[in-house]
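Trainee: I would like a close look at a single part of this model. Please take me through it in one connected answer.

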Amino acid sequence: MEDETSDFKKRYDAIFKVLQESSGSNEIQLVDGGEHADLSSTQAFIVAKEKKIPPATWAQDFVSTYSRAISETASATVKAAGPYLNFYFDDSYLANALSNATQPGYGSSLKKTIRVVLEHTSANPNGPLHVGHIRNSIIGDTLARAFRKAGYRLEVQYYVNDMGRQIAIVIWGFDHLDSAQAEGEKEDAHIARIYIAANRAIEKDAAITGQVDTLMQLVEGGDPATVKKFRKEVSRCLDGFAVTLKNLNVAHNRFVWESDFIRNGDTKRVISRIKKLPQAKEEGTLALDLSEFGFENKYVIRRTDGTSVYAARDLAFHAWKAANFDRIIDVLGADHKLIGAQLQCTLKLLGERTPEIVYFEFVSLPEGSMSTRAGKFVSADDLITEVTKHAFHEVTMRRPELEESTRKSIASSVALAAIRYDIVKVSPETRTVFDWNDALNFERQSGPYIQYAHARACSILEKAGTFTECCELETDYEIALARQIAKFPIVIGKVITELRPHFLATYARELADTFNSFYHFEPVLKSEGAVRDRRLTLVKAAQNTLKESLETLGIDAISTM
RNA sequence: GGGCGAGUGGCUUAGCCCGGACAUAGCGUCAGCCUCCUAAGCUGAAUGCCGGGGGUUCAAAUCCCCCCUCGCCCGCCA
């Protein structure tokens, strides 16, 4: 089990301390050495400035004076490359890492007691999930998996916006339009069809807006018949989402309904607390003046007619999360940045724990932004269907001898890998345009590419039979692979501290790259004796690390493809 | 108008928070590799004023200022 006391961290801290002593500086430079070394330092430049000596000279002096200390406290050697200091861990570092990496659950940490709540997806139930929504789902689900891997107690929630205007429009459509469900039509697609039709009707006849308002008042007032209708259609839409999310290997622990925060009085309670804030302004509406924090507009909490707005329910929801969890994480689209910041600011004023918010930029189509209302979107279901079809075709071309059921099973795993990886690999702040060619690409920088490396490793292990574990490495390819394997627990740690799941996507791809080079240049099954043993050990470690990486990405680690 | 984010080879993309050693990789292009562990693979080549301009620094894709372009947001919607 890796933890705060991991081998890497111990060595890092030891070297850090020596650098502190030797330079007498407050500022210590010690980073990943990349291709140069295990760790590198540019401390010489800092010291050179302070003490007016050439950096290369100081680096040389450091090596002669502190080599011994480095060796004793960090089991590492140090070399000066001009002004740069390069630190190389001794063989035990890779040997330990390799030995850990062959064990099930590699990369997991000790169980932690803090409770984390993670909210993601939370799309309005007015139509199927589309390729924009599932960016939220996949970022959120990958983070969730990384948290669990790191030993956190985690609850994943979906916040159901069941009393919004969009839903009222859907209900109006069901009441007034030809709304029968078509043969074989999925619930969420059915609801989208009615929602789109209702919006067209509203465009033609503005009077309908008044009827929609009436529905909203009825539902907030708790009119039983209206509430029942809302619940029914929202539930049906969620049933549709459940199928999509299951196909994407995305899971939630709890669906939290927005209207519950009206019913249980939480919204009222949070509003009365807000009233007491010095920033509160009651002039018909209840609103907060957050201008001292840089927010220009008023943050409205309650309408003139006494009903609450979304923000009020969201505050109640977050106050509840704050009371029950130690760390709160929300995954939201970039369009929520302003209201997210206002929410955080208000919770702070109330003295509540504030959520950490992960924002992701929009996915658009080549012809422009997506819109459920206008019916302009690529649904996640269609995406899954098309990619699976393509995957089945590819599997059949490559492995015609396999049973059809096996090919189908591989195809669905490959499709899932392609979709999830294609989305999670780009950093959240990068705006993307959905592209069928990218979605259907199963080559390098794709999920299937990483699955393929894993399948190759499995194939070798299956043919190898038993072997004696051996962690003494020789060639450059062996060492490069082991170094990459050793980084896995550090990457998991980075993903959860920085809330950036694409680090893991990049890591898994690099691990597959390194493994493929090793595979190409270092024959395993044809080698003999100790060479065979250590290469098989490496293959086992690589296979297991690829498996753990893939599974944390929510991708099946299949053993043949 | 204000706020936030982005601009990196023909296309896509990492690095930016925390400045350092030849800017990461993919697609596409070109040249190679299956009597050898799955070619969804591997090797090599060409292609970059890291949007523009200033500044800070021994050192800037990275930090600061200005400008340009694009996206999102600025509702008693959610």
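How do the residues of the surface near RNA strand B divide into nonpolar, polar and charged?

Mentor: This is a predicted model, in which local features need pLDDT of at least 70, side-chain atom pairs count only at pLDDT 80 or more, and totals for chains, interfaces and linings use all residues. Residues are numbered from 1 along each chain as its sequence is written, chains are lettered from A and ligands numbered from 1 in the order in which they are written, and side-chain values use heavy atoms, with hydrogens and water left out.

The surface near RNA strand B has 25 nonpolar, 21 polar and 22 charged residues. Here Ala, Val, Leu, Ile, Met, Phe, Trp, Tyr, Cys and Pro count as nonpolar, Asp, Glu, Lys and Arg as charged, and the others, Gly among them, as polar. A residue is near the strand if one of its heavy atoms lies within 4 Å of it. In total, 68 residues surround RNA strand B, and the closest are Y84, T304, R398, Y452 and Y519.

On the RNA side, 62% of the atoms within 4 Å of the protein belong to sugar or phosphate, and the rest to bases. Polar contacts (pairs of N or O atoms within 3.5 Å) reach both kinds of group. For E35, a polar side-chain atom is 2.7 Å from a base nitrogen.

Notes
A polar contact is a pair of N or O atoms within 3.5 Å; within protein, one must be able to donate a hydrogen and the other to accept it, and residues adjacent in sequence count only if both atoms are side-chain atoms.
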